[in-house]
Amino acid sequence: MQPRNVYDYTDVGGSVSAQSTILRKTYGLLGLSFLPAAAGAFVAMATGLSLFSFTGNYWVALGIFFAFFYGMSFLIEKNRYSNVGAALLMVLTFGLGFTLGPILNYSLALSNGIQLIGIAAVMTAAVFLSMAAMAKSPTFQTNSIARFVTVGFVVAAIAMVASFFLQIPALSLTVSALFVIVSSVLIMWQVRVIIEGGEDSHISAALTLFVAIYNIFTGLLRLLLAFAGED
């Protein structure tokens, strides 16, 4: 039973199944979350600010990023049935959008930067729509995909930590590719879980999908900059 203090972002009718309601509300909240994300990116790009410019130290900035991300994710999950959770999600997406400022400014400084950003955005949208459509297949093995996602993120996280210390460009690109792949599968898994009735909070689902989309976009943009970027 849906708590009364959670706003229905889709205004669906009473004849719609609970799973369809959660899915539509998830997509509605997900779409809304891109507004603060875009605002955060715009602020960072317009001001030239970043976590590094605030701290002056790469490791401190990285620590602040992870503390913010995991702290906000924890609070969102604690309020996953409340409009407080939806508001916190907006704060998180603003912050994640803000972190995109440096890479977007770097991209725009290139002669083909606008095209690369556009391509990354279109590819991200295509991946999301494809994975969401594939999740509707009745042959989908939720448990198997969950194991793949878990192992994939563990491997990607270990590789990411290694890339921080080793500073090997090829390893960094491999990490980007891993996050793109695993996050793509994560979208398919999350949508399928909703369809099967295993998720009862559109706030929690929207959080998962936004983070996956964020990972895919940043990963694709880094790969495009590495292989197709031109001064």
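Colleague: In which helix is Leu 29 found?

Modeller: Leu 29 is found in helix H1. Helices here are DSSP runs (H or I, at least four residues), numbered from the N terminus. This is a predicted model: local features need pLDDT of at least 70, side-chain atom pairs count only at pLDDT 80 or more, and totals for chains, interfaces and linings use all residues. Residues are numbered from 1 along each chain as its sequence is written, and side-chain values use heavy atoms, leaving out hydrogens and water.

Colleague: Is Leu 29 buried or exposed?

Modeller: Buried means under 20% relative accessible area, exposed over 50%, and partly exposed in between (1.4 Å probe, protein chains only). Leu 29 has a relative accessible area of 0%, so it is buried.

Colleague: How do I read the packing of H1 and H4?

Modeller: Start with the axes, which are lines fitted to C-alpha atoms, for helices over the stretch in contact; angles run from 0 to 180 degrees between N-to-C directions. The axes of H1 and H4 come within 6 Å and cross at roughly 40°. Therefore H1 is oblique to H4. The classes are: under 35 degrees roughly parallel, over 145 roughly antiparallel, 65 to 115 roughly perpendicular, the rest oblique.

Colleague: Which residues make that contact?

Modeller: Contact means heavy atoms within 4.5 Å. From H1, the residues include Leu 29, Pro 36 and Gly 40; from H4, they include Ala 86, Met 90 and Phe 94. By class, the contact of H1 with H4 has 13 nonpolar, four polar and no charged residues. Here Ala, Val, Leu, Ile, Met, Phe, Trp, Tyr, Cys and Pro count as nonpolar, Asp, Glu, Lys and Arg as charged, and the others, Gly among them, as polar.

Colleague: At what angle do H3 and H7 pack?

Modeller: About 160°, with their axes 12 Å apart. That makes H3 roughly antiparallel to H7. Tyr 58, Trp 59, Leu 62 and Phe 66 in H3 meet Met 160, Phe 164 and Phe 165 in H7. This contact of H3 with H7 has seven nonpolar, no polar and no charged residues.

Colleague: Which residues touch the most other members of the largest nonpolar core?

Modeller: A nonpolar core is a set of buried Ala, Val, Leu, Ile, Met, Phe, Trp, Tyr and Cys residues joined through side-chain atoms within 4.5 Å. In the largest one, of 53 residues, they are Leu 104, Ile 187 and Leu 221. H9 gives the largest share of this core, 16 residues.

Colleague: What is Ile 187 in contact with?

Modeller: Leaving aside neighbours within four places in sequence, Ile 187 is in contact with Phe 128, Met 131, Ala 132, Leu 209, Ala 212, Ile 213 and Ile 216.

Methods: Helix = DSSP H or I, 4+ residues; strand = E, 2+ residues; numbered from the N terminus.
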